[in-house]
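Have the model open and ask as we go.

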Amino acid sequence: MPRTPHVERRVEIPQGVSVRVEGMKVTVKGPKGEDRRDFSHAKGVTIRVDGDKVVVEAFMADARVKALVGTVAAHIKNMITGVTKGFRYRLKIISTHFPISVKVEKGRVVITNFLGEKAPRFATIMPGVSVKVQGQDIIVEGTDIEAVGQTAANIERATHISEFDRRKFMDGIYIYAREVVE
């Protein structure tokens, strides 16, 4: 497989956002907060700030390193979007048999009376993520897209059932929208 002499991706830095690169550690600060990420696992890739752009590049790159350049650039773009706008997941509480009660306490979501169970179910909230329960909706927000997505997945997974027929027992909490907060 031939190697490409130079692969480069540029990510624009908007006004009000500062990006600091120390080796392979990237810190992005914006109006909604700060996001940090360590890209030291990305061997063969270099990251630098050039004026109002972040440059992710590699020299003599094979297919794997070329893909890695695009991946790192996409992560940095998501970090910038997170600190300027933020990310939001919406989940819907569906209960056809027993009324499900959901509340947030001490870094976790507590789901009670799911399918009439006596023991509550728990879902972990990742650091830097806020969770609100509004009627039959659960709103998960934060600046780190991976933490927001993992928290929403934890909540959805806490009500996963496999021993019942899904056509009849649709009870659970399901993700129905992923969006960038405007």
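Q: Which residue is the bridge partner of Phe87 in S13?
A: This is a predicted model, so keep the ground rules handy: local features need pLDDT of at least 70, side-chain atom pairs count only at pLDDT 80 or more, and totals for chains, interfaces and linings use all residues. Residues are numbered from 1 along each chain as its sequence is written, and side-chain values use heavy atoms, with hydrogens and water left out. As for Phe87, its bridge partner in S13 is Val180.

Q: How many bridges link S7 and S13?
A: Strands of a sheet pair through backbone hydrogen bonds, either parallel or antiparallel. Two strands count as paired if DSSP finds at least two bridges between them; strands (E, at least two residues) and helices (H or I, at least four) are DSSP runs numbered from the N terminus. Here S7 (residues 87-94) and S13 are antiparallel, with 8 bridges.

Q: In what order do the strands of that sheet run?
A: It's an open, antiparallel sheet of 4 strands, S11-S12-S7-S13. S11 (129-134) and S13 (172-180) are the edges, each pairing on one side only.

Q: What does helix H2 touch?
A: Contact means heavy atoms within 4.5 Å. Angles run from 0 to 180 degrees between N-to-C directions, using lines fitted to C-alpha atoms, for helices over the stretch in contact. H2 (residues 145-158) packs on the sheet, touching S7, S11, S12 (137-142) and S13, and its direction makes about 5° with that of S7.

Q: Which residue stands opposite Val21 in S3?
A: That's Val26. S2 and S3 (residues 25-30) run antiparallel, joined by 5 bridges.
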